[in-house]
Amino acid sequence: MGEAISSENYTPSQRTRYRQSLGADLEIFDAHLQSAEFENKGTIGLELELNLVDDNMQPALVNGQVLTHLDEEYQSEIGAFNVEMNHPPLSVEGDGLQKMHDGIASRLDQVRAAAKAAGAQVAMIGTLPTVTRELLEGPEWMTPENRYRALGNTIMETRGELIHIDVSDREYCRLDFVNIAPEATCTSMQLHLQVAPERFPAAWNASQAIAGIQVALAANSPLFLGRKVWHESRIPVFTQSIDTRTPELVNQGVRPRVWFGERWITSVFDLFEENVRYFSPLIAEHKEATDAPATHSSPTLHYLNLHNGTVWRWNRPIYAPGTEKAHLRVENRLLPAGPTVSDIIADSAFYYGMAKYLAMETRPVWSRLTFADAEANFQVGARAGMFARMTWPTLGKIDVATLVSEHLLPQARLGLEALDVDKHLIDRYLGIIGERARTRQNGAMWQLRTLDAIHPGGTVPDSPARREALASMLRLYLEHQATDEPVHTWTIGA
């Protein structure tokens, strides 16, 4: 979906032609996997989605203006109040985590300067709490590019009905939308891990196994349209906002396009084959150039890659062609943006350490944890955050903070040591995770507690008092964010 798209709609002939090309690409990919040599550098990388707000903490629809001041490392997102930052790949060994920290911080400063020139500020948060229903019901929210119009048009045509959002906890939100606008409220960070084909299944299975723990630790989206809902409300909102299924198709067991999956894998090919088997193409963009495998280069697989970009797995497989060798990577897509760069790198360290450790085990966790339990952990982690209870092999049901503090942090440390990460960086970033678990204060908890502290008597959703409190909370959030002190240290209500 990062490529330029020529049309907002596609004819039946174009879709039929695309389907044929997609099937051919899958066969080319299969042959390339079996015969070609792939990159095996184990590099890491990151994408970070950001919100733009005005002086009143309301969404600022100025991403086009902001991007004119930035280079190709920065891109638009579907929401006109969003931009995306891309950090180039690097090695995690040695001081790699520090290099990523410094790289994100310097790039964030560039976005802030560009935003200031456009009269805006940058908010690094999972869901911007000041987004209103009125904004999402108007035409201005979407970035005016064909790829976003095409995506929205195709999803709505396929679904044939209004988008229904139903996400509830302490408060509820049950609303219908005429387009996929709620998707624009979901801003995330995406961690990349490059692996060789033979090690991809272990890396992906490990990523799936710890997904619920990751999202519970890092939850930072407890307010959707100003309502107190799931601790990581991005998960259900994103799932529902681009769901192409009617209730009848849900009842028939048709798979959602935002998908956790349904089984452990034995090959990366399993995931791409499932994408083609279960999901109809959304963006039928044809490419004139032929794409046959060559002796000394890798096939581009335009159709397979474009289709892969419209199946939103929480851990997505990525195939990237190269002039000589292609590479594969896991794109870990489930974490929210923020709260600080320090928190982001701590979450990254935990993920890379755990993925490495679990992949090294002689009896891997996915041989002892059912896939259904892994998905249930993911859902409860998104709903309850630091107060979730999860299923884990040999431990049964266990509080996620206890699971992390007493069992997983030592494993993450061993994984980072196996990756040759500098010891002081392991201590620093896993120390942040440990303190977050001990205090049970992640971004979601700070937002909820601060909102209550600003207005102790409580407020009603959509009321002037609630909207004023949300803006005050977000202003405090940005002040803390600018210090880069991890969220577990932030004072409630100040």
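Predicted model: local features only at pLDDT ≥ 70, side-chain atom pairs only at ≥ 80, totals over all residues.

Me: How much space lies in the second largest pocket?

Reply: A volume here is the space filled by probe spheres set on the points. For the second largest pocket, that comes to about 460 Å³.

Me: Which helix gives the largest share of the lining of that second largest pocket?

Reply: The lining has 21 residues, with Gly42, Leu193, Arg199, Lys356 and Leu419 nearest the centre of the pocket. At least two residues each come from β7 (188-195), α6 (200-209) and α12 (341-360). The largest share, 5 residues, belongs to α12.

Me: And how many of the residues in that lining are nonpolar, polar and charged?

Reply: Gly counts as polar and Leu as nonpolar, while Lys and Arg are charged. Sorting the lining of the second largest pocket that way gives 12 nonpolar, 4 polar and 5 charged.

Me: On to the helices: are α16 and α17 oblique or roughly parallel to each other?

Reply: Helix α16 (residues 443-454) and helix α17 (residues 464-483) pack at about 125 degrees, their axes 9 Å apart. Roughly perpendicular stops at 115 and roughly antiparallel needs over 145. So α16 and α17 are oblique.

Me: Which residues of α16 meet α17?

Reply: α16 passes α17 in a right-handed crossing. On the α17 side, the partners include Arg466, Leu470, Met473 and His480. From α16 come Trp446, Gln447, Thr450, Leu451 and Ile454.

Note on methods: Residues numbered from 1 in each chain as written. Heavy atoms only, no water. 1 Å grid on protein atoms, 1.4 Å probe; cavity = no way out; pocket = protein on both sides within 12 Å on 5 of 7 lines; lining within 4 Å. Helix = DSSP H or I, 4+ residues; strand = E, 2+ residues; numbered from the N terminus. Axes fitted to C-alpha atoms, helices over the stretch in contact; angles between N-to-C directions. Parallel < 35°, antiparallel > 145°, perpendicular 65-115°, else oblique. Left-handed = near helix turned anticlockwise from the far one by under 90°. Contact = heavy atoms within 4.5 Å.
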